[in-house]
Amino acid sequence: MNAEIIAVGSELLLGQIQNSNATYLSRELSKVGIDVYHHTVVGDNQERLMDVVKKALERADVLIFTGGLGPTKDDLTKETVGEVTGTPLDYDPETEARIRDFFATRKRNMTENNRKQALVLKGAHIFPNDHGLACGMALEIASKQLILLPGPPSELIPMFETYALPFLLKNVHQKEEIQSKVLRFFNIGESQLVEKIDDLIEQQSNPTIAPLASDGEVTLRLTVKGSDDKENERLLNHVKQQVLGRVGDFFYGEGEENLATLLVKELSERSLTLGAAESLTGGQFSAALTEVPAVSNVFNGAIVCYSNAVKETILSVSPRLLSEEGAVSAACAKQLAENVKKALHSDVGVSFTGVAGPGELEGHAPGIVYIGIATQHTTEAYKLHLAGSRENIRDRSVKYGLYYLLKDLR
């Protein structure tokens, strides 16, 4: 059983809004074993929409339309579906009554174009809209299911969860389910990781292995399809162990938890607090960490020490060290980490110093970065050679700081 998601709206093609509905629907359909093979976006043009519908009917079992159910002339989804399938439109009395009640309770006149939102494909199963006016609907044509949903996510998501998904589960006799595991890796490039597990990817059938690089990290999504949950889990775990046998040194977590989330969890479990000294990163490390709920239990704060004067006066870095070793040095990173730990009464201190570019600093090229970590027992400094823009170097420095902290604490 496969599906195609068809998003209707010129605003999507103009880049005015993101097609978040397709992402949401693909994720939810995969959970119930319905494969999504195509995402299509088409503007508010009936001729082009007709071509899309005809093509989708040839290649998909389930067609899910989002958008184009509103009151204006350019809302053409149900009219076009009706034209292609030879299905007339008629007013749904219950939907029309809901729309009239909506305007009456607000003491506003209902115009004729609002009544258009009660037009439905004849013989369709109707999905009430509990959060808006345009109803959704499902129409079966030659053993294919056509699902029409409103465009606004605030209307689409509850309608899909409450009405459309139960309808699909009842009417699409799907026995298999799709289950996934997401494995997260850092400090290894996508090409290097893929090279190490290339034979596993080549041999894949069920489960499948899909690599994805994003923001300096690499994830592997392991996906299995089957009717037995226990067997699915066994297959996923078998492939997981094969992968970790090759690249386990770079593995840091599983699922949706990122580096910052896992670091906060690790600090919490160990009842440790953290303080940060940010020169190179200028507060970006703190911003990333404070995205995590309840981080205040473990994060005491940060000192942005961009100038050498602040390093000396606020964090007591030795003037001689700055003169002889320089701010961009392992020695400075260590002293910053140790001193911010003391200054902020923390169990662990972390520091960031280096050259973001575009020019050199203290004779160092852009991308030279030092991260210092002072724990209750040791102080270490990690040297990085990063490439990319000023923004990329700073962003990746933050992630390396999270990664090294997590690695040192475990």
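Which residues does Thr219 touch, not counting residues up to four places away in sequence? Thr219 touches Val182, Leu183, Arg184, Ala210, Pro211 and Leu212 under that exclusion, where contact means heavy atoms within 4.5 Å. The residue sits in strand S11, helices (H or I, at least four residues) and strands (E, at least two) being DSSP runs numbered from the N terminus. Thr219 is buried because its relative accessible area is 14%, given that buried means under 20%, exposed over 50% and partly exposed in between (1.4 Å probe, protein chains only).

The model is predicted, so that local features need pLDDT of at least 70 and side-chain atom pairs count only at pLDDT 80 or more, while totals for chains, interfaces and linings use all residues. Residues are numbered from 1 along each chain as its sequence is written, and side-chain values use heavy atoms, with hydrogens and water left out.

Helix H2 (residues 20-31) has 12 residues and reaches 17 Å from its first C-alpha to its last, close to the 16 Å expected at 1.5 Å a residue; the expected span is 1.5 Å times one less than the number of residues. Asn21, Ala22, Tyr24, Leu25, Ser26, Glu28 and Leu29 are buried in this helix, and the buried residues of H2 pack against strands S1 (2-8), S2 (35-42), S3 (62-66) and S8 (144-149) as well as helix H7 (153-171). Gly33, which follows H2, has a positive phi near 85 degrees.

The pockets were searched on a 1 Å grid over the protein atoms alone, a pocket being an open set of points where a 1.4 Å probe fits, with protein on both sides within 12 Å along at least five of seven lines, and lining residues having an atom within 4 Å of a point. Grid points are joined across faces, edges and corners, and a volume is the space filled by probe spheres set on the points.

The largest pocket has a volume of about 410 Å³. Of the 13 residues that line the largest pocket, Arg27, Ser30, Ile178, Ser180 and Arg221 are the closest to its centre. Two or more lining residues come from each of H2, S2, strand S9 (177-186) and strand S11 (217-226), and H2 gives the most, with four residues. By class, this lining has three nonpolar, five polar and five charged residues, where Ala, Val, Leu, Ile, Met, Phe, Trp, Tyr, Cys and Pro count as nonpolar, Asp, Glu, Lys and Arg as charged, and the others, Gly among them, as polar.

The second largest pocket holds about 330 Å³ of space. Of its 26 lining residues, Glu11, Gly67, Pro150, Gly151 and Pro152 are the closest to the centre, and the elements that give two or more residues to the lining are S1, helix H1 (10-13), H2 and H7. The lining of the second largest pocket has 10 nonpolar, 11 polar and five charged residues.

A nonpolar core is a set of buried Ala, Val, Leu, Ile, Met, Phe, Trp, Tyr and Cys residues joined through side-chain atoms within 4.5 Å. Of the 37 residues in the largest such core, Leu274, Phe285, Leu289, Val350 and Ile371 touch the most other members. The elements that give two or more residues to this core include helix H11 (259-269), strand S15 (348-354) and helix H16 (390-409), and the largest share, nine residues, comes from H16. Not counting residues up to four places away in sequence, Val350 has contacts that include Leu274, Phe285, Ile371 and Leu405. The end C-alpha atoms of H16 are 29 Å apart, which agrees with the 28 Å that its 20 residues should span at 1.5 Å a residue. Among the buried residues of H16 are Ile393, Val398, Leu402 and Leu405.

**Backbone features in loops**

Most residues other than glycine have a negative phi, and most peptide bonds are trans.

| Site | Backbone value | Loop |
|---|---|---|
| Asn206 to Pro207 | cis, omega near 10 degrees | Pro207: between helix H9 (198-203) and strand S10 (208-214) |
| Gly357 to Pro358 | cis, omega near 10 degrees | Pro358: between S15 and S16 |
| Glu362 | phi about 55 degrees | between S15 and S16 |

Asn187 is partly exposed, with a relative accessible area of 31%, and Glu362 counts as partly exposed at 39% relative accessibility.
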